[in-house]
Amino acid sequence: MRAVLVWTVRLCGLVGWVAVAVACAWLLGVGAVPRPWNGLLVWGAVAAGCAVVRAGALWGLRRVEGAGGGVSLNKSDGGGSRASYDRLGPEVLGRRRPPLGYVLGRCLDSRVWIRVRSCAVWLLVSFASGALFVGLLGTGSGDDRVDALRDAGARVSTATVVERPGGVREDLSEDVVRGYSARLVVAVPGGPERLVVKGAYTYDKPRGGAEVEVLWAPSAPELGGYVHERKDLRALAGGRWNAFSGGGDGRDALVAFVLVMVIGCVLAAVFTFTAGPGALQRLAWSPGVQTVRAALIMAVFLGWRPFLLGDGASLPEELFAGGGFILVLLVYVFTSVGTIGDD
């Protein structure tokens, strides 16, 4: 029974790691398709499920060891790694070819593998945090009009401003003008001669006769149009997005992603090389710590579920989806800080 639980923990850890990596890569737009994003939902469910099963298996191991007096998974041997859960008798060890499970178990308990595993987990944490942050920026347009236009069969056209722009406001950042917001009236070739666009965002100051790309619905011109030069309108029309598009939002997302990855790499180095293999092993096999992390993964997944399906989200779901990227970092740091300087 102990061996089954141990390998359940290991396999769930591996499958969960792969599932998170695939889900985050998909979230960055690698697998961008119109919502609902069922593929991403499946990978997220696999990752959350593996985390929960792994935590349950660890609690099962603690119970088995407590009842049977076996070797504790949280106890390090003299070499700094976890004592083997399945120590074999001399008659087995004397064989020319020890069982494969025994050989793999010993390899997975080596000092090098423990540090490699810890580093891989932290790199995935940083990648996931960056992907969640960038995904949060890109999954919503910030304007309900886009959803209405898309439902009405939106398309993107190059239109001409036919009236003097109204309500022009500067978008300032540290006293630098980044763009302009205004109310525009545009003429669409092959469409309405007067299409009202409220809150149009352009890099250059809008003027009569200027050309802009507008998102509009031929079947519902009364909905007006949507102009935003920092966003990929064609991706919005199709219900998909590209995290690192050539627009301003894409460049900002790339900078944010790189920044979060750099922070994550620093944390990976700190928590991997300032703790001994024994401390890292005890952390990885701690039922309490892994339960907290599993609860976080499940909460973030459930928070993102409405966004993946294109449905409305409740307040708790919005909180976990919006704060997921920082919660992941904070929870992993909080649960790992005790290993610094520990052997």
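# Briefing on the predicted model

The model is predicted: local features need pLDDT of at least 70, side-chain atom pairs count only at pLDDT 80 or more, and totals for chains, interfaces and linings use all residues. Residues are numbered from 1 along each chain as its sequence is written, and side-chain values use heavy atoms, with hydrogens and water left out. The protein chain has eleven helices and five strands (DSSP runs numbered from the N terminus, with helices being H or I of at least four residues and strands being E of at least two).

**Whole chain**

- Of the 343 residues in the protein chain, 44% are buried (buried means under 20% relative accessible area, exposed over 50%, and partly exposed in between, with a 1.4 Å probe and protein chains only).
- The accessible surface of the protein chain is about 17100 Å², and carbon and sulfur atoms hold 62% of that surface (areas follow the Shrake-Rupley method with a 1.4 Å probe, and for residues only the protein chains shown count as cover).
- Among contacts in the protein chain with a separation of 6 or more, 72% join residues 24 or more positions apart (contact means heavy atoms within 4.5 Å).

**Annotated spans**

- An unreviewed UniProt entry carries the annotation "transmembrane region" for residues 7-28, 40-61, 119-138, 254-276, 288-307 and 319-340 (positions are in the numbering used here, feature names are shortened, and annotations may be inferred rather than shown by experiment).
- In the model, residues 7-28 are 100% helix and 0% strand, with end C-alpha atoms 32 Å apart.

**Nonpolar core and its surroundings**

- The largest nonpolar core has 23 residues, and Trp122 and Trp304 are the ones that touch the most other members (such a core is a set of buried Ala, Val, Leu, Ile, Met, Phe, Trp, Tyr and Cys residues joined through side-chain atoms within 4.5 Å).
- Two or more residues of this core come from each of helix H1 (2-30), helix H2 (38-68), helix H5 (111-139), helix H8 (248-273), helix H10 (287-309) and helix H11 (315-336).
- H10 gives six residues, the largest share of this core.
- Apart from neighbours within four places in sequence, Trp122 is in contact with Gly264, Leu267, Ala268, Phe271, Thr272, Tyr332, Val333 and Ser336.
- Thr272, one of these partners of Trp122, is part of helix H8.
- Thr272 counts as buried because its relative accessibility is 0%.
- The side chain of Thr272 comes to 2.6 Å from the backbone oxygen of Ala268.
- With neighbours within four places in sequence set aside, Thr272 is in contact with Arg115, Ser118, Cys119, Trp122 and Leu280.

- Helix H9 (residues 277-284) is largely enclosed by the rest of the structure, because seven of its eight residues are buried.
- Those buried residues of H9 are Pro277, Gly278, Ala279, Leu280, Gln281, Leu283 and Ala284.
- Leu280 is among the contacts of Thr272.
- Trp113 and Pro277 are 164 residues apart along the chain, yet 9.3 Å separates their C-alpha atoms.
- Trp113 is in helix H5 and is partly exposed, with a relative accessible area of 35%.

**Strands E2 and E3**

- Strand E2 (residues 166-173) and strand E3 (residues 176-187) run antiparallel and are joined by six bridges (two strands pair if DSSP finds at least two bridges between them).
- Two residues separate E2 from E3 in this hairpin, and Glu174 in the turn has a positive phi of about 55°.
- Arg169 has Ser181 in E3 as its bridge partner.
- Ser181 is buried, at 16% relative accessibility.
- Besides residues up to four places away in sequence, Ser181 touches Gly167, Val168, Arg169, Gly199 and Ala200.

**Two loop residues**

- Arg230 sits in the loop between strand E5 (211-216) and helix H7 (233-237), and at 10% relative accessibility Arg230 is buried.
- The side chains of Arg230 and Asp252 make a polar contact at 2.3 Å (a pair of N or O atoms within 3.5 Å; within protein, one must be able to donate a hydrogen and the other to accept it, and residues adjacent in sequence count only if both atoms are side-chain atoms).
- Gly310 is in the loop between H10 and H11 and is partly exposed, at 48% relative accessibility.
- Gly310 and Trp37 are 273 residues apart in sequence, while their C-alpha atoms are 8.3 Å apart in space.
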